[in-house]
Amino acid sequence: MPAEWIWRNGEFVKWEDATVHVSAHAIHYGSSVFEGIRAYATDEGPAVFRLQSHTERMMKGAKVMRIEHEFTVEDINNAIVETISKNGHKACYIRPVVFRGAGALGLEGRGRTKTEFFVFTMEWGAYLGQEALEQGVDVQVSSYRRMAPDTHPALVKAGGNYVNSQFVSMEAHDNGFSEGIALDVSGYVSEGAGENIFVIVDGIVYTPGAWSSILMGITRDSILTLLDEYGYEVRYQPIAREMLYMADEIFFTGTAAEVTPVRSVDRLSIGSGSRGPITKQVQEEFFAITSGKKPDRHGWLTHVHQKVSEK
């Protein structure tokens, strides 16, 4: 459910008042940069997962997109924790977004449009379904490819990039699957419509690198840290499509998907057809840390009530 208050350009407004004009540049040309962030419920109140990493990535994305604004990383960090606190969330999904707003139409929006910066929150459960976290999801390899490196900036979480993701997702749903996997311009595995991917064969973990037009996910980075702690070998290399079918385990990562196992690809069962042991191990550790049941040894959590009281 949507929350009551939204942060807009330094002020709080009611949900129904957080509107933009139909001439907003972002509506017509996709000129926006956003983040998806989760705050998890803990015994100490809501805690934001890797807040600093998300806001820093967003600022870098705005720089690449040439979207100028007046806010710092710390400004947005404070806006996020204050929005969570003001809305009284125990846990929530957080969406900061910066975009070119109303002004003259035309592709060149710099200096001709007003920049808008919003932070809104909502309650949102498991993206691919709660049961999917244990049972896994059925996916297909999409007919839509990820962008070539000289077309779109894949490392930026830009609104316009997600037109591609929408086609991957819609095609999968139309064909009876939960999600789609896109190949890169060379025909190697890239990522899901909105998730990074890990493929496990004979105890070795494979994942694509930046050359495969992936978003360098923050949850992905966190899982890589856990895999390293457990001593698993991780190889960053191009992954052939058929390697998906040979895999013992596959799982997605992302803010929305968290850590979700894949049980079949193109109707071919993966491993035993359910969550595998490595997936289970990193998934349980991830949720133990984000829930506060295990120590936050990597400093991933920003506790909202503590951050607000420090101001």
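Predicted model: local features only at pLDDT ≥ 70, side-chain atom pairs only at ≥ 80, totals over all residues.
The side chain of Ser-142 reaches the backbone nitrogen of Tyr-144 at 2.9 Å.

**Around Ser-142**
- Ser-142 sits in strand S8, which covers residues 137–145.
- With a relative accessible area of 5%, Ser-142 counts as buried, because the cut-off for that label is under 20%.
- If you skip the neighbours within four places in sequence, Ser-142 is in contact with Val-168, Glu-171, Ile-181 and Ala-182.

**Strands meeting at S7**
- Strand S7 (residues 113–122) pairs with strand S6 (residues 92–103) in the antiparallel sense, through nine bridges.
- Look for Arg-8 opposite Phe-118 of S7.

**Helix H2**
- H2 runs from residue 51 to 64, so to speak a 14-residue helix, and spans 20 Å from first C-alpha to last, close to the 20 Å expected at 1.5 Å a residue.
- Its buried residues are Leu-51, His-54, Thr-55, Arg-57, Met-58, Met-59, Gly-61 and Ala-62.
- An α-helix has 3.6 residues a turn, so residues three or four places apart point the same way.
- After H2 comes Arg-66, with a positive phi near 60 degrees.

**Aromatic rings**
- The structure holds 15 aromatic pairs.
- One of them is Tyr-230 with Tyr-232, edge-to-face at 6.4 Å centre to centre, with 70 degrees between the planes.
- Tyr-230 is partly exposed at 30% relative accessibility, and Tyr-232 is partly exposed at 24%.
- Phe-286 and Phe-287 also pair edge-to-face, at 5.3 Å centre to centre and 75 degrees between the planes.
- Phe-286 is buried at 1% relative accessibility, whereas Phe-287 is partly exposed at 24%.
- Phe-286 and Phe-287 belong to one aromatic cluster along with Tyr-40, Phe-49 and Trp-300.

**Lys-86 over two rings**
- Lys-86 lies over the face of Trp-5, at 4.4 Å from the ring centre.
- Lys-86 also lies over the face of Phe-12, at 5.4 Å from that ring centre.

Conventions: Residues numbered from 1 in each chain as written. Heavy atoms only, no water. Helix = DSSP H or I, 4+ residues; strand = E, 2+ residues; numbered from the N terminus. Expected span 1.5 Å × (residues − 1). Buried < 20%, exposed > 50% of the residue type's maximum accessible area, 1.4 Å probe, protein only. Pairing = 2+ DSSP bridges. Polar contact = N/O pair within 3.5 Å; in protein donor to acceptor, adjacent residues only side chain to side chain. Contact = heavy atoms within 4.5 Å. Phe/Tyr/Trp six-rings, centres within 6.5 Å; stacked < 30°, edge-to-face > 60°. Lys NZ or Arg CZ within 6 Å of the ring centre and 35° of its normal.
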